[in-house]
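Open the structure in your viewer and keep the sequence panel beside it. This tour tells you what to select next and what is there.

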Amino acid sequence: MREIKANPNNGFSGLTEVLHFLAKLPSPQEVLNLRPAPDVQQEIDNLLEKNRTQGFNESDRLLWQHYEFIEHLVRLAKTQALIKLQQSQ
């Protein structure tokens with residue numbers, strides 16, 4: 001974690017924010033409302049467009065894998081949040 005925080009240019013853009021958000025133990029509804037920051041979403045959109053038009057180089061591929069990892073973590077959190085909301089009803 002120190003490495004991620006110390007070097008924000010290492011391809012983990014957005015991960016620190018997601019982890020800080022989850023560490024605050026948000027409510028299930030807050031987790032379900034979680035969306036990427038505008039700058040992160042723009043970077044994802046740029047990568048998607050690059051993949052469609054030019055294809056990925058190795059650096060792009062690694063960055064995309066990082067974003068997939070973040071998305072996986074968020075999906076897990078959202079699944080658990082949805083389960084908690086359904087159990088409370």
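The stops below run from the whole chain to single residues.

**Whole chain**

Keep in mind that this is a predicted model. Start with a cartoon view. The chain has five helices and zero strands. Along the sequence the pattern reads α-α-α-α-α. The accessible surface of the chain is about 6600 Å². Carbon and sulfur atoms make up 54% of that surface. Of the 89 residues, 24% count as buried. Next, think about contacts across the sequence. Among contacts with a separation of 6 or more, 56% join residues 24 or more positions apart.

**Helix 2**

Select residues 15-23, which form helix 2. Show the side chains of Leu15, Thr16 and Val18, the buried residues of this helix. Then look down the axis of helix 2: these buried residues fall within an arc of 165°, so they line one face of the helix. Step past the end of the helix to Leu25. Leu25 follows helix 2 and has a positive phi, near 55°.

**Helix 4**

Move on to residues 38-53, helix 4. At 1.5 Å a residue, the 16 residues of helix 4 should span 22 Å, and the end C-alpha atoms are 22 Å apart, which agrees.

Which residues of helix 4 are buried? Select Val40, Ile44 and Leu47. They cover an arc of only 60° around the axis, which puts them on the same side of helix 4. What do the buried residues of helix 4 pack against? Their partner is helix 5. Before going there, click on Gly55. This glycine follows helix 4, and its phi is positive, near 90°.

**Helix 5**

Select residues 58-87, helix 5. The 30 residues should span 44 Å at 1.5 Å a residue, and the end C-alpha atoms are 44 Å apart, in agreement.

Zoom in on the start of helix 5. There, a side-chain oxygen of Asn57 comes to within 3.0 Å of the backbone nitrogen of Ser59.

Now colour the buried residues of helix 5: Asp60, Leu63, Tyr67, Ile70, Val74, Ala77 and Ala81. Which helices do these buried residues pack against? They pack against helix 2 (15-23), helix 3 (28-32) and helix 4 (38-53).

**Asp60**

Stay in helix 5 and centre on Asp60. Is Asp60 buried or exposed? Its relative accessible area is 9%, so Asp60 counts as buried, the cut-off being under 20%. Show its neighbours. Leaving out residues up to four places away in sequence, Asp60 touches Leu47, Lys50 and Gly55.

**The aromatic pair**

For the last stop, display the aromatic rings. How many aromatic pairs are there? The count comes to one. Select Phe56 and Trp64, which form this pair. The ring centres are 6.1 Å apart, with 40° between the planes, and the pair is tilted. Phe56 has a relative accessible area of 17%, so it is buried. Trp64 is at 21%, so it counts as partly exposed.

Notes: Residues numbered from 1 in each chain as written. Predicted model: local features only at pLDDT ≥ 70, side-chain atom pairs only at ≥ 80, totals over all residues. Heavy atoms only, no water. Helix = DSSP H or I, 4+ residues; strand = E, 2+ residues; numbered from the N terminus. Expected span 1.5 Å × (residues − 1). Buried < 20%, exposed > 50% of the residue type's maximum accessible area, 1.4 Å probe, protein only. Contact = heavy atoms within 4.5 Å. Polar contact = N/O pair within 3.5 Å; in protein donor to acceptor, adjacent residues only side chain to side chain. Phe/Tyr/Trp six-rings, centres within 6.5 Å; stacked < 30°, edge-to-face > 60°. Arc of directions from axis to C-beta. Areas by Shrake-Rupley, 256 points an atom, 1.4 Å probe, with all protein chains shown as cover.
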